[in-house]
Amino acid sequence: MISPMLLTILLILMNIPIYIYEIKAGLMVSAFTAIYFIIVTVNFHRNKTAFVNELINFATQYGTVQKKLLNEFDVAYALIDYNGKILWVNEKFTELTGKDKDYHKSITSVFSHITKEIIQKNKDNTQLEISYGEYDFRARIKKIEFSSITPENDLVSIDGDDEYLTALYLYDETQLNQYIRENDDQKMVAALVYIDNYEETMNSIEDVKQSLLTALIDRKVNKYFASMDGLVRKIEKDKYFVIFRNYYLSKMEEDKFSLIEEVKTVKVGNKMAVTLSIGIGNTGTTYNQNYEYARMAIGLALGRGGDQVVVKEGEQITYFGGRSKQVDKNTRVKARVKAHALREILESRSQVIVMGHHIADVDSFGAAIGVYCAGRILEKKVQIVLNEVTTSLRPLKECFTVENGYASDMFINSETAIEMTNGNTLVMVVDTNRPNYTDCPEILKKTKNIVVFDHHRQGSEVVENPILSYIEPYASSTCEMIAEVLQYFAENIKLSSCEADAIYAGILIDTNNFMQKTGVRTFEAAAYLRRCGAEVTRVRKMLRNDMEDYKARAEVMRDAEVYRGAFAISTCPADKVESPTVVCAQSANELLNIIGIKASFVMTEYQNKIFISSRSIDEINVQLIMERLGGGGHANIAGAQLTNCSIGEAKQRIRNILDEMIEKGEIEK
């Protein structure tokens with residue numbers, strides 16, 4: 001409106017030259033300019049008020065519309081100050097939460113997940129998943145700076161850290177989450193159910209009762225899964241294939257798969273209780289992938305001794321059951337088959353490297369010596385990876401010298417093994433099935449020719465794709481398994497006295513002088529080694545401890561803490577002891593000799609790790625306890641290794657696990 005008035009100046013400037021050439025024309029232009037100026041001035045003053053009023057009305061209506069739209073916005077919205085106090089909410093927020101515009105308390109009182117700290121530390125557009133009553137919300141928290149909405153002027157100055165408000169948007173995702181849950185519930189889950197001891201159970205009853213026992217087992221399995229809307233198909237005499245909806249998996253987990261306990265009640269004259277192993281595959285992208293998960297899960301369940309359920313959901317593996325003792329199988333068919341398979345593999349390889357677990361014990365050493373003997377029969381060079389020789393191992397190793405006819409490079413370290421290993425090298429892992437527990441995990445990545453012989457129960461971390469795997473949790477030791485294999489490996493196999501002593505010593509140590517995990521086959525293996533020249537007295541002398549080790553064990557006994565009246569927890573001193581891990585295991589065995597002790601836990605700090613040895617006689621499955629610490633083993637002999645942890649923290653973790661398992665009924669105190 002001012003612009004036409006400013007044009008008067010231009011007309012005046014143009015009128016000056018006109019006066020120079022013609023005065024009358026200049027006067028006429030001056031009159032026109034004056035009339036023009038009067039007209040625009042009058043219009044300016046007359047219309048100014050009207051224009052200002054129109055602008056004010058428009059701004060007022062525009063702000064009212066904005067406020068009305070925000071108030072009626074279909075997304076719940078709230079305005080919060082720096083301290084989390086609610087300043088304003090819209091109608092949708094009131095509808096969902098019941099809090100109206102007069103509610104000016106902290107937002108935390110409405111949503112406990114949205115705290116003052118989250119609001120003050122919010123950078124921008126923070127999103128949270130929260131629930132309120134029956135609603136599920138995706139909350140978006142946005143910072144609104146005062147500087148962006150308030151222009152700077154001399155009258156208003158805003159200083160300090162709280163120079164912003166916080167806008168809270170609540171997106172209702174209740175229905176979406178419901179559809180997602182329903183979709184997940186409808187997904188199909190694959191399962192394999194195996195009868196662990198079918199042959200042994202059938203052989204223990206009369207022929208006429210065998211069909212009845214089978215029918216009762218079938219009925220238990222079908223009835224259990226029918227209650228879960230599952231479909232059961234018997235694929236072999238002792239195997240079932242089951243599919244059911246994911247919705248029922250959580251129910252099965254809640255009752256801890258009661259089927260494995262129910263089936264043990266089936267009795268038709270059989271002295272041996274029937275046990276099941278169940279492998280379940282879930283969260284696969286296809287049905288075939290779920291089946292593969294189920295197949296891998298049942299392999300884990302059987303490898304861990306059976307009588308348990310393994311649920312594999314992608315990389316996550318969950319275990320249920322597994323508290324009963326493994327069944328000692330009297331048949332040696334499997335040992336014979338594995339012996340022939342091992343012979344064929346050794347014959348096709350020119351280079352063989354054997355290794356046990358880190359900080360080798362007598363069992364892994366004896367098993368490696370047994371493999372060395374098998375390779376010698378086929379005239380194959382076998383080398384053993386041995387990085388550290390403990391005090392208990394040194395007397396045995398000193399028997400295998402050049403003077404006694406053994407090669408100087410019979411034992412090699414990890415560096416040499418890595419240099420020697422190529423794609424055609426056979427790597428044989430004994431006394432462990434976890435790659436990270438081996439003495440040299442690097443060589444497992446350099447070859448695909450891997451054989452595993454072990455007696456520990458499998459966990460989620462295993463050696464991938466071995467060409468031969470012989471894992472028997474019921475065996476007392478790997479040396480027992482090797483002794484059986486050697487009997488079928490070749491006729492009239494000859495072992496030297498020191499070789500027989502080494503294998504016999506492994507059985508002796510792992511059975512605690514034939515007092516733990518001994519079966520018929522354990523004594524048969526010991527008898528075979530005795531015939532090969534093993535001498536009990538000679539082995540006993542080699543396994544004796546020095547005075548410092550004995551004092552350390554006495555210190556463990558003196559400092560032992562009896563927790564909840566049944567669990568002994570103690571610490572083994574690592575100073576002045578050459579092999580504290582060995583003393584740790586020996587001390588755990590000795591603590592079981594105390595009346596009332598059901599399980600023992602002894603730990604020691606060695607090589608920047610906390611090594612834990614746990615033992616029990618029969619009532620407590622220490623393997624389940626150690627698995628929660630990332631370890632494993634057997635029901636009565638187990639262990640774990642902890643990093644970035646102190647002795648005190650390790651003790652507390654054991655106490656917490658014991659408390660939790662007792663409360664859940666997994667341990668009967």
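Author: A salt bridge here is a side-chain nitrogen of Lys or Arg lying within 4 Å of a carboxyl oxygen of Asp or Glu. The structure above is a predicted model, in which local features need pLDDT of at least 70 and side-chain atom pairs count only at pLDDT 80 or more, while totals for chains, interfaces and linings use all residues. Residues are numbered from 1 along each chain as its sequence is written, and side-chain values use heavy atoms, with hydrogens and water left out.

Reader: What makes the pair Arg 181 and Asp 136 a salt bridge?

Author: The side chains of Arg 181 and Asp 136 meet at 3.7 Å, N to O, and this falls within the 4 Å limit, so the pair qualifies. The two partners belong to distant parts of the chain, with Arg 181 in helix α5 (residues 174-186) and Asp 136 in strand β4 (residues 135-145), 45 residues apart; helices (H or I, at least four residues) and strands (E, at least two) are DSSP runs, numbered from the N terminus.

Reader: Why is Asp 136 called buried, and why is Arg 181 called partly exposed?

Author: Buried means under 20% relative accessible area, exposed means over 50%, and partly exposed is in between (1.4 Å probe, protein chains only). Asp 136, at 16%, is therefore buried, whereas Arg 181, at 45%, is partly exposed.

Reader: How many salt bridges does a search of the whole structure find, and which residue of helix α7 is paired with Lys 234?

Author: The search finds 27 salt bridges, and one of them joins Lys 234 to Asp 218 at 3.2 Å, N to O. Lys 234 sits in strand β7 (residues 231-236) and Asp 218 in helix α7 (residues 207-226), 16 residues apart. With a relative accessible area of 17%, Asp 218 is buried, while Lys 234, at 37%, is partly exposed. Salt bridges also link Glu 236, Asp 238 and Lys 239 in a network.

Reader: How do you know that Asp 501 and Arg 538 form a salt bridge, and what makes Asp 501 buried?

Author: The closest N and O atoms of Asp 501 and Arg 538 are 2.5 Å apart, which is again within the limit set for a salt bridge. The pair connects helix α16, which holds Asp 501, to helix α18 (residues 536-542), which holds Arg 538, across 37 residues. Asp 501 has a relative accessible area of 2% and so counts as buried, whereas Arg 538 reaches 33% and so counts as partly exposed.

Reader: Why is helix α15 called oblique to helix α16?

Author: Two packed helices are described by the angle between their axes and the distance between the axes. Helix α15 (residues 478-489) and helix α16 (residues 497-510) pack at about 135°, with their axes 8 Å apart. Angles under 35 degrees count as roughly parallel, over 145 as roughly antiparallel, 65 to 115 as roughly perpendicular and the rest as oblique, so α15 is oblique to α16. Residues making this contact (heavy atoms within 4.5 Å) include Cys 479 and Leu 486 of α15 and Ala 502 and Ile 507 of α16.

Reader: What makes α11 roughly perpendicular to α15?

Author: The axes of helix α11 (residues 333-347) and α15 come within 8 Å and cross at roughly 70°, which makes α11 roughly perpendicular to α15. Among the residues in this contact are Ala 339, His 340 and Leu 346 of α11, together with Val 485 and Tyr 488 of α15.

Reader: How do you know that Pro 580 is buried?

Author: Pro 580, in helix α20 (residues 580-591), has a relative accessible area of 1%, and therefore counts as buried. Leaving aside neighbours within four places in sequence, Pro 580 is in contact with Cys 572, Pro 573, Ala 574, Thr 604 and Tyr 606.

Note on methods:
Axes are lines fitted to C-alpha atoms, for helices over the stretch in contact, and angles run from 0 to 180 degrees between N-to-C directions.
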